[in-house]
Amino acid sequence: MRGDTLIHIAICDDEKHMSDYMRTNVSNFFRKKNTEIHLRTFASGEELLNYDGQIDILFLDIQMKGMDGMETARRLRENKFRGILIFITVLKEMVFQSFEVQAYDYLVKPFDEKQFEKTMERCLSSIQNASEDSLFVQKGYEGCIIRKGEIVFCEIIDRKIYLNLASGEVVDYYEKIENLETKLDEHFFRCHRSYLINLKHLRGYKNGTAYMDNGGEIPVSRLRSKKFSDVVLKYMKNI
């Protein structure tokens, strides 16, 4: 993620004083880092699940009335939430369950300020480093971060890019394929004027068609077929 990218943060806690405390600490940390954030608070898991905006970092209380934080996290992950998840808890024992929902870290109440700073430093570093292996996709006023390795192939139809992901999800947004090509790495090849494929997901090539591991069959233009063969051979040698 570039330094000029807005970081979207959410805090979900049913205790207002705790939510306010977290908001103050998070805001102060990013202010010291000269990093712009957009921060929202939610009072319940249900309220959070009804929100369809972008969240890069989520602070989620485990023990809440109604739907608890663990169940909320499970549903978020089922809905393809890819953000950084940090649990807030009073019970250290609950932390062992956090592995199944890919929690990044946890903060035990009452917070130790040094531990909070340490967690936030790691968190910010992860987000900043994500730019190298991730793609930031802007859709209107919203955006999302997609790992390049998840992209099987990219297709352009009527000025719109369609990113076909390994999960089966398709993300569409407006961009020129030439611009997208400059943001991707050496694992991607423009095999056709309308397609970019990820060589990591290539499973075969025959008679002008590239066969991808998600079942996709992508045309390779005659003009690019010789270069495509060379690129694939070079890629295979470097694996």
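Tutor: This is a predicted model. Start with strand β9 (residues 160-165) and β10, which pair in the antiparallel sense.

Student: What makes β9 and β10 a pair?
Tutor: Two strands pair if there are at least two bridges between them. β9 and β10 have five bridges, so they count as paired. One of the partners is Y174 in β10, which bridges to K160.

Student: Which side chains of β10 are buried?
Tutor: V171 and Y173, which point to one face.

Student: Why is the contact of K109 with E15 called a salt bridge?
Tutor: The cut-off is 4 Å between nitrogen and carboxyl oxygen. The closest N and O atoms of K109 and E15 are 3.7 Å apart, so the pair qualifies. K109 sits in the loop between β5 and α4, E15 in the loop between β1 and α1, 94 residues apart.

Student: Why is K109 called buried?
Tutor: Buried means under 20% relative accessible area. K109 has 16%, so it counts as buried. E15 has 33%, so it is partly exposed.

Student: What makes K32 exposed?
Tutor: Exposed means over 50%. K32 has 57%, so it passes. Its salt-bridge partner is E117, at 3.2 Å from N to O. E117 lies in helix α4 and K32 in helix α1, 85 residues apart.

Key: Residues are numbered from 1 along each chain as its sequence is written. This is a predicted model: local features need pLDDT of at least 70, side-chain atom pairs count only at pLDDT 80 or more; totals for chains, interfaces and linings use all residues. Side-chain values use heavy atoms; hydrogens and water are left out. Buried means under 20% relative accessible area, exposed over 50%, partly exposed in between (1.4 Å probe, protein chains only). Helices (H or I, at least four residues) and strands (E, at least two) are DSSP runs, numbered from the N terminus. A salt bridge is a side-chain nitrogen of Lys or Arg within 4 Å of a carboxyl oxygen of Asp or Glu.
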